[in-house]
Amino acid sequence: MEPTSQLDFSANRWTRVEKWMNKLVSDKKLPCASVSVIQHCKEIFSHTCGYSNVEDGVAANTDTIYRIYSMTKPVTSVALMMLYELGLFELTDPISKYIPCFKDMKVAVGGYYPEFDLEDASSPITIQQLLTHTSGLSYWFIEDEYGVHKAYQEKKVEFSPLFPHDHDGLDLQTMCERLASCPLLFHPGTKWQYSNSTDVIGRLVEVLSGHRLDEFMRQFIFKPLNMSDTGFHVPAESISRFARCYQVKRERNAGSFLSGSDFVFKGFERLDNDDTFFQSPSVHAGGGGLVSTINDYRRFCQMILNKGEFDGIRILSRKTVEYMLRNHLQGDMADYGVSMWLNMNRRGVGFGLGWAVVVDAVRLGALCSEGEVAWGGMASTFFWIDPKEDMACIFMTQLVPSSALPLRRTLRALVNAAMP
């Protein structure tokens, strides 16, 4: 047996992270990679390599602006919980109390689009179910047995468009009305399904606060946290720092392409959707519309680690953050019908208010702490926050879909093995 040349048991274990990142870029599996690890309010490791613009050889750096897609969801969830602290709603409230179009929802129980067999929802969708993705809503790109996703496609239920002009100048309320006109995939609270739920939360923030979602986030989250490069579009003066997006080379099938199943990685090519982000959108997608930098998102993670406070400014109370970090499912995601998600084991993983929560590290089969929360975005960005270790890790790149490579699992093992 020939010994492998890749074994690295060096004393400085952070070099393993650097080598792994550098190899992903040199092997042309990623256009760029950027990592920041914080612990006890200090950045203890950072490394950036590769190109924000491969074609022109523009190097990525810590000021590079990325599409963070679904890493928007935790931010939107924080925005809603800020309003919860004002006593404006209860988590058990039906969303139809504030967004009436979600009253008297129907559930698909048979048939196939457009001939559904429908029945009345056994209970109204609650705000807590939106936060935990147990609402019965879905996404246009996630195929299902009844073809509910086809109804989403037909009605153009696309809060966060992948390409310019995918939606037609609507506002958030009108997009919610389109969503509510489609049947639910299951009775609320009975299963887990990744969905447009957080986009509805974004509209709920608007209704409760009287502010447009982008204005609320800018005034009450981004400005206090000094997240100056985070928003729903890239201003003209920052376009030179905006990373290009890339997609896996393979046969085009919108459904399987974005959900990331059944393909072999064969390199990447440009996904030219830059223009989507050069002006403020008409629909501010709380589920996937933000752009940000690794430095900005690190501040957001530090605020969560600090139980709601950053640099003397409090965004949420300690008690609220602790509540958000708890598992709000009765069991794990496997108990709600999802044992695998984006090619990752979901056994031992529950869901809190805005993110996945590790409830059993052994059942998950990963080197991590119970109580760790995490989520990621469609372009392979991701983060995790580990309250037990008082640490967080943020990873940025731009490759669609996020399941193309086992980035999250590998980086988590490398970083946790290097932690002091």
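Let's start inside helix α5, where Leu172, Gln173, Met175, Cys176, Arg178, Leu179 and Ala180 are buried. Buried here means under 20% relative accessible area, exposed means over 50%, and partly exposed lies in between, with a 1.4 Å probe and protein chains only. Helix α5 covers residues 172–180, and seven of its nine residues are buried, so the helix is largely enclosed by the rest of the structure. What do the buried residues of α5 pack against? They pack against α4 (148–154) and α6 (197–209), where contact means heavy atoms within 4.5 Å. By the way, helices (H or I, at least four residues) and strands (E, at least two) are DSSP runs, numbered from the N terminus.

A quick word on what you are looking at. This is a predicted model, in which local features need pLDDT of at least 70, side-chain atom pairs count only at pLDDT 80 or more, and totals for chains, interfaces and linings use all residues. Residues are numbered from 1 along each chain as its sequence is written, and side-chain values use heavy atoms, with hydrogens and water left out.

Now let's step back to the whole chain. It contains 12 helices and 19 strands. A compact globule of 420 residues would have a radius of gyration near 22 Å, and the chain agrees with that at 21 Å. That radius is taken over C-alpha atoms, and the globule rule is 2.2 Å times the number of residues to the power 0.38. Along the principal axes, the C-alpha atoms fill a box of roughly 60 × 50 × 50 Å. Of the 420 residues, 59% are buried. Among contacts with a separation of 6 or more, 68% are between residues 24 or more positions apart. The accessible surface is about 17,200 Å², and carbon and sulfur atoms hold 48% of that; these areas come from the Shrake-Rupley method with a 1.4 Å probe, and for residues only the protein chains shown count as cover.

Next, please find the sheet. Eight strands form an open sheet, in the order β3-β2-β1-β18-β17-β16-β15-β14, with antiparallel pairing. At the edges are β3 (58–59) and β14 (349–351), each of which pairs on one side only. Two strands pair if DSSP finds at least two bridges between them.

Let's follow β1, residues 32–39, through that sheet. How many of its eight residues are buried? Eight of the eight are, which leaves the strand mostly covered. Both faces are covered: Cys32, Ser34, Ser36 and Ile38 lie on one side, with Ala33, Val35, Val37 and Gln39 on the other.

β1 has two partners to look at. With β2 (residues 42–53), it pairs in the antiparallel sense over eight bridges. In that pairing, Val35 has His47 as its bridge partner, and Val37 has Phe45. The hairpin of β1 and β2 has two residues between the strands, and His40 there takes a positive phi near 50°. With β18 (residues 391–396), β1 runs antiparallel and is joined by six bridges. Here Val37 turns up again, standing opposite Cys393.

Now for some backbone details. Most residues other than glycine have a negative phi, and most peptide bonds are trans.

Lys156 has one of about 55°, sits in the loop between α4 and α5, and is partly exposed, with a relative accessible area of 42%. Lys307 has one of about 60°, sits in the loop between α9 (294–305) and β10 (309–310), and is partly exposed at 27%.

One last stop: Thr132, in helix α3 (residues 127–132). Is Thr132 buried or exposed? At 3% relative accessibility, Thr132 counts as buried. Leaving out residues up to four places away in sequence, Thr132 touches Trp192, His328, Leu329, Phe351, Gly352 and Leu353.
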